[in-house]
Amino acid sequence: MSRTKDEDRGLPPYSRLRLRDGLGEAIAGLVQRPGRSVLTMLGTVLGVGAFVAVLGLTSSATQQIGNAFTALTATTVTVQDRTPTDPSTTPVLSFPPDADERVQRLNGVAAAGVWWQLPLRSPSVGTRPAPPGESARARSVRLFAASPGALKAARPVVAAGTLYNQFHRGRAEQVCVLGAGAARLLGISRVDNQPVVFINSTPYSVVGIVSDVERLPDLLLGVMIPESTALRAYGPPRDSPARMLIGTDVGAARLIAHQAPLALRPDRPELLTAVPPPDPHGLRDEIDTSLSGLFLVLAGICLVIGAVGIANTTLVAVLERRGEIGLRRALGAGPRHIAAQFLTESTVLGTLGGLAGTAIGIGVVAVVALAQEWTAVINPYTVVVAPAVGSLTGLLAGLYPALRAARVEPLEALRT
């Protein structure tokens with residue numbers, strides 16, 4: 001067997017460090033100090049766990065937002081009266097009397113109706129005739145004029161009685177529907193005893209109570225009367241403009257927003273402004289970007305803290321193990337072998353922290369999704385990349401301590 005140059009000079013043969021041996025030495029070094037190893041991994045565990053949890057929760061929340069947006073907001077169109085309101089002039093309602101019927105004839109419209117807040121300065125609302133200001137309890141009750149189509153477009157949940165209909169509207173009947181909040185303030189919980197609400201001493205028969213609405217939540221704190229009754233009793237809206245609420249089929253909202261002003265006022269469509277819903281994909285992407293950008297910064301900070309912890313612990317290990325380093329050098333280990341050993345230890349620490357953080361992050365996403373009744377959404381690439389992020393963090397953190405260990409001279413190390 002041929003001799004090496006080191007053997008010819010009387011030195012021990014130059015050794016080679018196999019990958020398997022390097023991993024074994026690294027794991028043995030970590031096992032000898034389990035408490036320190038666990039604490040060193042903690043920063044990486046938190047950073048990778050935050051990385052996985054943030055991306056998973058953002059994806060899950062965005063999916064839920066997108067579903068709710070598509071189901072409700074993307075099917076809502078609002079048409080607003082642009083007629084200028086001047087207190088010195090007589091108010092005018094730009095919506096025609098048959099506004100509901102005109103819009104409901106458009107293909108893709110599920111329900112539509114006009115509504116506005118009644119132009120009353122200090123109304124008195126109560127269950128008995130009273131002068132203004134006596135019923136302080138009902139001062140927070142709001143008064144609305146709403147066509148039957150507007151009530152239907154709001155998609156209400158009727159808790160008692162029924163909604164007024166086209167018959168009441170056509171005859172301008174003095175009837176009303178109460179929102180859940182207004183009903184509580186007025187002390188009305190049933191309609192079978194034919195309760196009456198007095199607005200400025202004018203009686204209105206309560207035909208129904210609404211417990212919830214999917215659109216126009218302000219109605220829950222209000223008393224709603226037919227718009228024909230409101231026009232006859234109080235005139236057109238003054239301070240707040242009239243609006244039309246349109247509920248559409250999925251995918252028809254933007255087309256309806258373009259057609260509604262022409263269908264309502266073919267003579268002067270510029271008097272009405274239709275507001276379509278925003279693009280759901282754009283909104284979802286914007287939310288995703290904003291949430292991910294914010295929380296990924298926090299995850300990055302955790303990773304930096306983890307990298308500093310690994311670097312600090314590895315550097316301390318280099319100082320503590322100078323005798324071991326000198327002995328290895330004396331037995332034939334080269335500088336690159338010493339550097340590789342400490343670099344392997346820091347990389348293994350980062351990898352173990354990445355795996356633990358990935359598992360914790362997935363668990364957090366699953367628990368939060370279960371608690372919120374969401375569908376947990378985690379990109380498979382996130383699960384694959386997260387441990388690699390931990391490994392890279394450990395590798396970078398161990399570079400400087402490994403170079404310090406490689407520069408240790410054998411004689412100096414053995415003397416210490």
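Tutor: Buried means under 20% relative accessible area. Keep that cut-off in mind for this predicted model.

Student: Is Glu227 buried or exposed?

Tutor: The cut-off for buried is under 20%. Glu227 has 8% relative accessibility, so Glu227 counts as buried.

Student: Which parts does the salt bridge of Glu101 with Arg169 tie together?

Tutor: The closest N and O atoms of Glu101 and Arg169 are 3.1 Å apart. Glu101 is in helix 4 and Arg169 in helix 6, so the pair ties together parts 68 residues apart in sequence. Those parts are helix 4 (residues 99-104) and helix 6 (residues 166-170).

Student: What is the nearest side chain of opposite charge to Asp81?

Tutor: Asp81 lies in strand 1. Asp81 is buried and has no salt bridge. A polar contact of 2.7 Å joins its side chain to that of Ser94. The nearest side chain of opposite charge is 7.1 Å away: Arg265.

Student: Which helix gives the largest share of the nonpolar patch?

Tutor: Leu392, Leu395, Leu396 and Leu399 make this surface patch of about 340 Å². Leu395 is partly exposed, at 32% relative accessibility. The largest share is 3 residues, from helix 13.

Conventions. Residues are numbered from 1 along each chain as its sequence is written. This is a predicted model: local features need pLDDT of at least 70, side-chain atom pairs count only at pLDDT 80 or more; totals for chains, interfaces and linings use all residues. Side-chain values use heavy atoms; hydrogens and water are left out. Helices (H or I, at least four residues) and strands (E, at least two) are DSSP runs, numbered from the N terminus. Buried means under 20% relative accessible area, exposed over 50%, partly exposed in between (1.4 Å probe, protein chains only). Lys and Arg count as positive and Asp and Glu as negative; His and the chain ends are not counted. A salt bridge is a side-chain nitrogen of Lys or Arg within 4 Å of a carboxyl oxygen of Asp or Glu. A polar contact is a pair of N or O atoms within 3.5 Å; within protein, one must be able to donate a hydrogen and the other to accept it, and residues adjacent in sequence count only if both atoms are side-chain atoms. Patches are made of residues with over 30% relative accessible area and no salt bridge: like charges are joined within 9 Å, nonpolar side chains (Val, Leu, Ile, Met, Phe, Trp, Tyr) within 5 Å. Accessible areas come from the Shrake-Rupley method with a 1.4 Å probe; for residues, only the protein chains shown count as cover.
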